[in-house]
Amino acid sequence: MLKIKKESIEQSADNLRLDSSLIDWMRFPLAVLVVFVHVPHSQGYLVQWLFSDVICSMAVPLFFVISGYLYFINIAESNSPKEWYIRKSVSRIKSILIPYIFWALLPTLIFVFKKVVGMIIHQHGPKMLFDSLSRMNFYHILWEAGNGGPTDMSLWFLRNLLIVSLFTPPYGII
């Protein structure tokens, strides 16, 4: 078992302000790099490939590293690692899980709303709505749709971030 002293994790207020301002400064350029990763480019241009596929592809792992750093930054302020882990997990459920479920299910809710409106306008019975709902697979919508991510592929980052934060045990518990 790895023993870590609390003193080795604590930070001074000056270092925390410096880290915070550095992260604030890095957010916008990293977000721009993530956008450039998703811009299609033509084949055969070395500079374009180098920038889009090599340099810009470092942005997403950097976001993971920054989020991991911010996850563990205040661990020394807690009385016990278990208390810290519970507090952080509840915080991540509020800040990641609830928005993730909302945005993953929003297209499904819009689809159901359209079906209900169509059912009212065209005076169909609820059978068409129930048939459509029975064909939906919430595992695919929320977790894995065969493409490496949920149906709304842009939510993969939140899904993975939630998994990493919930399954990261604090020191002292393991």
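Q: What should I know about the model before I look at it?
A: It is a predicted model, in which local features need pLDDT of at least 70 and side-chain atom pairs count only at pLDDT 80 or more, while totals for chains, interfaces and linings use all residues. Residues are numbered from 1 along each chain as its sequence is written, and side-chain values use heavy atoms, with hydrogens and water left out.

Q: Changing topic, what is the volume of the largest pocket?
A: The largest pocket has a volume of about 600 Å³. A pocket here is an open set of points on a 1 Å grid over the protein atoms alone, where a 1.4 Å probe fits, with protein on both sides within 12 Å along at least five of seven lines, and its lining residues have an atom within 4 Å of a point. The volume is the space filled by probe spheres set on the points, which are joined across faces, edges and corners.

Q: Which residues lie nearest its centre?
A: The lining of the largest pocket has 27 residues, and Phe63, Phe64, Ser67, Phe157 and Leu161 lie nearest the centre.

Q: Which helix gives the largest share of that lining?
A: Helix 3 does, with 9 residues; helix 1 (13-37), helix 3 (59-72), helix 4 (81-121) and helix 7 (156-166) each supply at least two.

Q: What classes are the lining residues of the largest pocket?
A: The lining has 18 nonpolar, 7 polar and 2 charged residues, with Ala, Val, Leu, Ile, Met, Phe, Trp, Tyr, Cys and Pro taken as nonpolar, Asp, Glu, Lys and Arg as charged, and the others, Gly among them, as polar.

Q: Now the surface: which residues make the nonpolar patch?
A: Val35, Phe36, Val39, Leu46, Trp49, Leu50, Phe51 and Ile55 make a nonpolar surface patch of about 730 Å². Helix 2 (46-55) and helix 1 each supply at least two of its residues, and helix 2 gives the most, with 5.

Q: Is Ile55 buried or partly exposed?
A: Ile55, which lies in helix 2, counts as partly exposed because its relative accessibility is 39%.

Q: How many salt bridges are there?
A: The count is 1 salt bridge, meaning a side-chain nitrogen of Lys or Arg within 4 Å of a carboxyl oxygen of Asp or Glu. The side chains of Asp24 and Arg27 form it, at 3.7 Å from N to O.

Q: Where do Asp24 and Arg27 sit relative to each other?
A: Asp24 and Arg27 are 3 residues apart in helix 1, so about one helical turn separates them.

Note on methods: Helix = DSSP H or I, 4+ residues; strand = E, 2+ residues; numbered from the N terminus. Patch = residues over 30% accessible without salt bridge, like charges linked within 9 Å, V, L, I, M, F, W, Y side chains within 5 Å. Areas by Shrake-Rupley, 256 points an atom, 1.4 Å probe, with all protein chains shown as cover. Buried < 20%, exposed > 50% of the residue type's maximum accessible area, 1.4 Å probe, protein only.
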